[in-house]
Amino acid sequence: MRIGIIGLGMVGKEILLNLYYFSGVQEIVVYDLNIERVTAEINDFEDTRAIPLNPHHKKLVLAKDYSELRDCSVIIINVSIKTQNTSDRIAILAGNETLMKEIAPKVAHYSPNARVIITSNPVDAITYFFQKYSGMNPRYVIGSGTILDS
């Protein structure tokens, strides 16, 4: 199975950590605008291969653009605009909608059959915007964490 992660902030890194150490996923593709940071994180994970915490060999891929997310079975989106007050979900809504306008068509183009999990806030609205802008089957687009916002 090939899983893509878009956005390697605090949530994205935690998802990467859990997939890397505790899943049977064969390949994890990571895309973030900050390529230097992603490179460093991937190098850190690969440095732990000798430690017997992870019995499954995983291939980590640094994606330099969305095309490298091609044919992922699952894509997890954890992106947000930069803001001072991350607890004000409404304040980030318009900016995060703009991000979905950019990301959604590319995900739909390169991985049209992927199951997409959205963690970006406000998650209910951003999940709706992703589905709207991607045109993907709504059954394939899942919002995570709605208990916090609903």
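In this predicted model, Lys-13 forms a salt bridge with Glu-41, with 3.3 Å between the closest N and O atoms; a salt bridge here is a side-chain nitrogen of Lys or Arg within 4 Å of a carboxyl oxygen of Asp or Glu. The pair ties together distant parts of the chain, since Lys-13 sits in helix H1 and Glu-41 in helix H2, 28 residues apart. Helices (H or I, at least four residues) and strands (E, at least two) are DSSP runs numbered from the N terminus. Glu-41 is buried at 9% relative accessible area, while Lys-13 is partly exposed at 32%. Buried means under 20%, exposed over 50%, and partly exposed in between (1.4 Å probe, protein chains only).

Glu-41 also pairs with Arg-37, this time at 3.7 Å between the closest N and O atoms. Both lie in helix H2, 4 residues apart, or about one turn of the helix.

Elsewhere, Arg-2 forms a salt bridge with Glu-27 at 3.1 Å. This one links strand E1 to strand E2 across 25 residues. Arg-2 is buried at 18%, and so is Glu-27 at 17%. In total, the structure holds 4 salt bridges.

Back in helix H1, the buried residues include Ile-15, Leu-16 and Leu-19. The buried residues of H1 pack against helix H2 and strands E1, E2, E3 and E4, where contact means heavy atoms within 4.5 Å.

Residues are numbered from 1 along each chain as its sequence is written, and side-chain values use heavy atoms, leaving out hydrogens and water. Local features need pLDDT of at least 70 and side-chain atom pairs count only at pLDDT 80 or more, whereas totals for chains, interfaces and linings use all residues.
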